[in-house]
Amino acid sequence: MSQITPIPLPTPCTWSDHASACEAHINQLAVIFERNPNYKYLYLGALSELCVETTIARRQEIANYWLPYLYQQPGYTLSQFFTQWLTYTPAPSNPGEYIEYWDYLVNTETGLQLANDSSFRNWFKTFLDYHGIWINSTDSTATLQEWMHYTGTKAHPFDINEYDRPKPNSPSGGFESFNQFFLRNLKPDERPESDSIVVAPCDGGIFYLAHEGKKSNQQTRYLLPNKSGDEFNLIEAIPGYGRVFIGGPLLDALLWFTDYHHFHAPVTGEVIEQGLYAGSYNYDFDDFDPSNPYGPLAPATSDKAGWYQKLGKHQRYVWVIKTESLGLVAMIAIGFWGVGSITNAISTGEKVKKGQYMGHFGYGGSSIVLAFEPGKRLEFKVADKSVKGPDKPRLIKVRQSLGHQK
């Protein structure tokens, strides 16, 4: 039984070596707005759309957060917002604080126009790169002591004792940057290898996006959570090979901040095609619908992962694996919520063994989609419980048994 081989933790940097360049980049935001006068009105329009929602109970908190910006109170500028976000170190109480604030604002009707304009989008991507420098710096360790004592939630459990810590008795675990903590290694024996034909590629909550029917090429396709009529687009998400998987089972494992953010091969086979595809760095947070913000909430059991609407348009790394008994299997590592990097460790033509390390995500939100050809008679279970649809994800751990042939 093979063990998980740890990867070297990223070498931390010194923030003072980069701070001036980061500051200059944020100052450039004002210049971009001057060159594009319409940006100001798109920004104010987004604030207006969001802030009128102070009358909606579930939206009051986030709308009230942005009110001082709408009123243009001293110190409440977009540049100041990004200055605060730049050096924010995630804490267990709210690991995605500024990302959430931004996504609520940017996913208004006019906010999307601003975010998708090329000049602003390029500025924002560079900003995320600079934020990545911060979390890889030795200055980003302030919240590590909290993480060492954090035990997670029922939906997102967490146990630091499952992971290697450079200095287990240190209050910070011996991690020299937040990025080192985020990319922490599992202890070698923590995730034993399963003998099933398909294993979990990562930790997270797994569910069907499409369930293969009893007859070949027939599916139960789930509407993407909290969206009106949207389904996952295989053709768009898997360039060239998408049609091969139409009619087959489609699963997704959603990772949270507390999860192990490395991914492993779900099957044994040969990687015949792979590639990184550029995409968006934002997604539609919660169930916000710009055309109907007063619409009803999704059911209480919903995971409220509204980002599925344009899942195939996010930055993603795609592998197509040729197997002996399952035909082709696709694995798609999708980065969103500020993810700026997906690191691949596999070469085209390389033969991989299920459970083998294949790469990792940079800091942020992430998801792994698995696509299978139809007619392979696969059954997917987690600890003898059948995988369900998006509203009922099953918690799973990397290399755990996931799929068997009937």
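**Close-up views of a predicted model**

**View A. Contact between Glu-193 and Lys-353.** In this predicted model, the side chains of Glu-193 and Lys-353 form a polar contact at 2.4 Å. Glu-193 lies in the loop that runs between H9 and strand S1 (198–199). Its relative accessibility is 15%, and Glu-193 therefore counts as buried, the cut-off being under 20%.

**View B. Helix H7 and its buried residues.** Helix H7 spans residues 118–135, 18 residues in total. The distance from its first C-alpha to its last is 26 Å, close to the 26 Å expected at 1.5 Å a residue. The buried residues of H7 are Phe-120, Trp-123, Phe-124, Phe-127, Leu-128, His-131, Trp-134 and Ile-135. They lie on the same side of H7, because they cover an arc of only 145° around the axis. In an α-helix there are 3.6 residues a turn, so residues three or four places apart point the same way.

**View D. The open sheet S5-S11-S9.** In this sheet, 3 strands are arranged in the order S5-S11-S9, with antiparallel pairing. Strand S5 (262–264) and strand S9 (342–344) are the edge strands, each pairing on one side only. From one strand to the next, the twist averages 25°.

**View E. Pairing of S9 with S11.** Strand S11 (residues 357–361) and S9 are joined in the antiparallel sense over 3 bridges. Asn-344 is placed opposite Gly-359 in S11.

Terms used:
Residues numbered from 1 in each chain as written. Predicted model: local features only at pLDDT ≥ 70, side-chain atom pairs only at ≥ 80, totals over all residues. Heavy atoms only, no water. Pairing = 2+ DSSP bridges. Helix = DSSP H or I, 4+ residues; strand = E, 2+ residues; numbered from the N terminus. Axes fitted to C-alpha atoms, helices over the stretch in contact; angles between N-to-C directions. Expected span 1.5 Å × (residues − 1). Buried < 20%, exposed > 50% of the residue type's maximum accessible area, 1.4 Å probe, protein only. Arc of directions from axis to C-beta. Polar contact = N/O pair within 3.5 Å; in protein donor to acceptor, adjacent residues only side chain to side chain.
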